[in-house]
Structure formats: structure tokens, C-alpha cells
Amino acid sequence: MKRQRLSRTRLRVSLLLVVSLFMLFGVRLFWIQGLDAQAYAAMARNASTQPVTVPAPRGDILDRNGEVIATSVDSLTLTADPTLTTKKAPQIARILVSSLGEDRVDYFDLIEKLRTPDTRFVVLEKNLPAAKGQKALQALRKAGAAGVFSQKTTMRTYPGGRLAANLVGYMSQTKDSDTPVGVQGIERQYDALLTGKDGSATYEVSPTGQRIPMADSTVVPMKPGQDVQTTIDRDLQWYADQRLADAVRSAGADWGLAITMDVRTGQVVQLSQAPTFDPGSKATMQDSNTVSRFVQTVYEPGSVLKTITMAALADQGKIAPDTQISVPGKMVIDKFPIGDYWQHGTLNLTAAGVIAKSSNLGTIVAAQQMSNQTMHDYLRKFGFGVGSGVQLPGESRGILAPAASWTKANHATISFGQGISVTALQVVRAVGAIANGGVMVDPSVVSGFVDADGHRTDAKEVPSRRVVSKKAAAEVTRMMEAVTADDGTAPAAQIPGYRVAGKTGTAWRVNPVTGRYVRGQNTVSFIGFAPADEPRFITYVVLDKPFANAGGGSTAAPVFHDIMSMALERFGVAPTGSRSPKVAQTW
């Protein structure tokens, strides 16, 4: 009897427990289906959806004729859901290594990514050529290995390789973003315009990770980047790149620059640097060759600056091509001995003769007619000590000390291009003003922008201003024509059928570490424009630290000759048919 009562009690307790459990399940089911159905449905959808970024195609960089210099091609990024790939990680990794190559992916690195805990999204490999990425995905599907997905992306390519690389710049990944950003040059300066705005898409996927056709999806459209059209002529650029590289090698120089600009518009049609790099290959990149030397490297220009000194004097009416100058054999200023590159006694030279023979002493004598402040003001008017206006990243303003700090020696040496530091584009702009009848035009490397619909927006018009009179510019041009005469310092710059005005430059080189001059090491250069009677183009060639006896007339002028000759031919500039006037060099 007692045992029966105990059995009934146990039965009642068990029944009560079962009923309570069912009631708990019922309440929970009612809560999920009736009161919080939408929240749980959203959780289910989130667990079975795949977010995908829709990248905006990066705009192209074009030459002046619409030829592509930099562009983007389709590529794939492979991603994985570790909740689906953990068990088959070794098999998936083997397939990917076989399809993509051991030089591209590492087996053990893939294993680690495929087994990443507490996540449903990892990036396996970025910027795969589309064909190679699809081949890997097909191999995975054939093997029945699920959980690896692809995202369409784009990869930056440079069809011209090293062509204008230091102007174009390159792309690099940052720690703060999955999207590469522009580094140096146009890629950096116009990164926001080129990049555009990414879109996004969210798709439903099956439990095995496959995208479900016809399922709901959410798409936010992307906005493509704009094309940037440069002022560069691709064919001229290619030729100048090769010619400059040959000159740097043959002269044993540390580096070289060659720049050609339309003096009327300021458009730079060619801008070369050697050594340079391939923006599509990180293996070719070093700090020494990725720097944009034409705006970032400062150096002392040497005798090319004599043209500016003479232009300042001519503008004040203090000098003309036939002005007589008595040139001493040597000078000592502030206990600092100064001489010419050749030994001589007292010479009777005209102002044209001083320029033609590139006499430091003759330039000093002429420049003594200007005060420190006047000379400084003209140098500033010609754009030294301020940016060139080209709008490229990292530009230096050069070094032009205040006039109040000048000593007599400073006044003397600055007049012939020592004791002042410049960038190559500053020199091109300044001497270009002489070629342009005394009107200085800021250089430009971009002519406009083209959106995805083909609508073009012109770049802002570059500013111009008169720095010296038209008469003064014409007088200095006549002096510079004497430089390229048979008895000048650069007859190698002559171009048959054209009048050529130019100036050589040889400057002591400053050691960038010690800040002191290094005897026997020079920076040599040549700058010139043609046709001298109706100037169209100016070309500047710089070679840093060439062999010991190298000079601007013998080393840089031949490079000028070749590049300028092609520029005149390429743009259809016909010879004017006139001859250079005879200007007396002595009296």
C-alpha cells in the first residue's frame, strides 16, 4: 500500500515536470513566432547573407591625345567563410596553391585563414587576375569544396611600364584601408577624383555558401572615378625617357632630368627622370628612384641663372647685348676667391660675350649695378623661393635667403647660380618667361578631367604675369643665341633650320649630408628654347654628378638637341627661315 502511494506521487511529479516543460516550450514558441518573429527572421537572414563591396572603377590617366598611361583591369579577391572551410582547409589550401602558384600564396598561411575562429569572413588573396581567380574557383567547385567566394575588384596597371612613372606615381596599400591609394605624382594628387565612390550589395546564400539565384538582394550603386588627362605627349615622353637614361649611363651620373614645356601655355609635354621605376612592379621601387625630383629635389643651378641676372639688368635698362664689360682675371670678395672655369687675364667682353663664354666674373661685374634687395626681388618675381604652381605633391620651394642676410660674396655667387637652391620646374618656368617675351606662365601637367559619361571638364587656367619687358626678354634671347653659335659654349645644341637660344650650367655640387660643396663633383645642365625668333618649346636637361670633366655644353646639350628636335617635329613646328643675328662678343 505504501509502495503504491509512492508510485503515484512519483507519477504526479513526473507528469507535472513534463507539463511544465511543454508549457515552457509553448511560451517560448509563442514569443518567437508571435511577439518577436521579425527579429528572429532578421537574425536568420543575417546568418545566410553575404555582403559584397561593389568597387568603383578607378579612372584612367591619359596623355594629351587620350592614350592610356595608367588604367585598371578586372581582378578578383578571394574570400572564405571559416565556418564552412575549417574541416576541409587542407584540401582547399592545396587546390588554391596548385591553381594560383606557390609564389602567390602560402599553403600554411591559407590553412590558418581558412580555420579562423569566430568569424564568417576572411580575405584569402587580393588583386588576382580575373582568369586565374576563376580557374581556382572552378577547381574548388569540381572538388566539392564549399565556402570560398569571390569579389570583383580592379587592379591598377601601367601599359607603358616606366613611362613618365615619376609624374604618374603609383598605388600602395595602407594599414587603414583595404583600398589602395595613390602615392606620389598624379595618382596621389588626384586620388579622390580617380577613386570614385564604392557601392555595395548584399546577397542571400545557401547553407553551403552558394549564392541563391532570384533571392532578395540589396544594391547601392557605385560612382566610377574620373579620368585625368595630362599634357604629356606619350611618344615624345617615351623617346625622352630612353635618351635621358642613355645619357645618365654614359656620363656615370647619379640621376638626370629632362623637361619640355610649351612656353606659351605652360603645358609640360615631356617630363623624364632617370633612374626611374615601373609603377606596376614593387621590385623596381627604391626611395632614390620613386622621388619626383623635378619638384622635390633642390640643387644649385649654376650658370643657367645668369640668364635671369641679365634679364633683371636689361629690364632696368642697365645692360644690352653689346654693353661693354671689363672682366678681371680673378676677384676676391669677402676673402673668398672667385674665378672662371678657364684661366685668363683681363678680358673685354660684351654682355653677350659674358653669356656666350659663361663668365662668372663678367656676370658679377654686371650684377654689381643692382642692390641686394633689387636682385632678390627680381629672383622672386621669376619664381624662385616659391612653388612652381604645378600642383604636384611634395613640391619644394627651393632656398632663396632674404636679401638682408646677403653678404657681398652672396650677391656675387647668387648672380651666377651658386648659393641659391632651386627645383628643375622653377628653372623651366623662369627661363620660359624670357622665351615668352617676358611673360611667365606657371607650368601645368593636367589639362582636364573626363567622367564616366564622357563629359570633360577643363583644368583651371594657369596664371601668367609679366616679369620683365618684352624688350629685355628679346635682348637676353639674343645673348643666349650666342651660346649655341659655333664659338659659344654649346654648339652641340644647334638644330639645322632653327634658331636656338640656350645656356649651359655647371655648378658645384652640395653634399646633402654635410651641406658643404664637394670639389670635383658638379651638377651640369643645359636649357634652351626654339625657334628663338618665335619660341614654342623650352627644354631643360640636368645631369647630377657626372664624370669629372663633364660640362653642360658637351654632356647635356646633345640630349637637349635630340629631345627638342623631336618636339619640334612631333608638334609640326616649321623652321622660321631666319638666321641668328651676329652679336659681338668682344670689344
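The chain has a secondary structure of 20 helices and 23 strands; helices here are DSSP runs of H or I with at least four residues, strands are runs of E with at least two, and both are numbered from the N terminus. This is a predicted model, in which local features need pLDDT of at least 70 and side-chain atom pairs count only at pLDDT 80 or more, while totals for chains, interfaces and linings use all residues. Residues are numbered from 1 along each chain as its sequence is written, and side-chain values use heavy atoms, with hydrogens and water left out.

Of the 587 residues in the chain, 49% are buried, where buried means under 20% relative accessible area, exposed means over 50%, and partly exposed lies in between, with a 1.4 Å probe and protein chains only. Among contacts with a separation of 6 or more, 73% are between residues 24 or more positions apart; contact means heavy atoms within 4.5 Å.

I turn now to helix packing. Two packed helices are described by the angle between their axes and the distance between those axes. Axes are lines fitted to C-alpha atoms, for helices over the stretch in contact, and angles run from 0 to 180 degrees between N-to-C directions.

The crossing of α13 with α18 is left-handed, that is, the near helix is turned anticlockwise from the far one by less than a right angle, whereas clockwise would be right-handed. In this contact, T307, I308 and A311 of α13 meet A430, V431 and I434 of α18. By class, five of these residues are nonpolar, one is polar and none is charged. Ala, Val, Leu, Ile, Met, Phe, Trp, Tyr, Cys and Pro count as nonpolar, Asp, Glu, Lys and Arg as charged, and the others, Gly among them, as polar.

The next pair is α4, residues 89–100, and α6, residues 130–142, with an angle of about 145° and axes 9 Å apart. Their crossing is right-handed. Here I92, I95, L96, S99 and L100 of α4 meet K132, K135, A136, A139 and L140 of α6, a contact of seven nonpolar, one polar and two charged residues.

Which elements do the buried residues of α19 pack against? They pack against α13, α14, α18, β21 and β22. Helix α19 covers residues 470–483, and 10 of its 14 residues are buried, so α19 is largely enclosed by the rest of the structure. Among the buried residues are E475, M479, M480 and E481.

Finally, some backbone details. A cis peptide bond joins A274 and P275, with omega about -5°, and P275 lies in the loop between β12 and α11. Another cis peptide bond joins A530 and P531, with omega about -15°; P531 is in the loop between β22 and β23.

D118 is not a glycine, yet has a positive phi of about 60°. This residue lies in the loop between α5 and β4 and, at 83% relative accessibility, counts as exposed. D334, also not a glycine, has a positive phi of about 55°. D334 sits in the loop between β14 and β15 and is partly exposed, at 44% relative accessible area.

How values were computed. Expected span 1.5 Å × (residues − 1).
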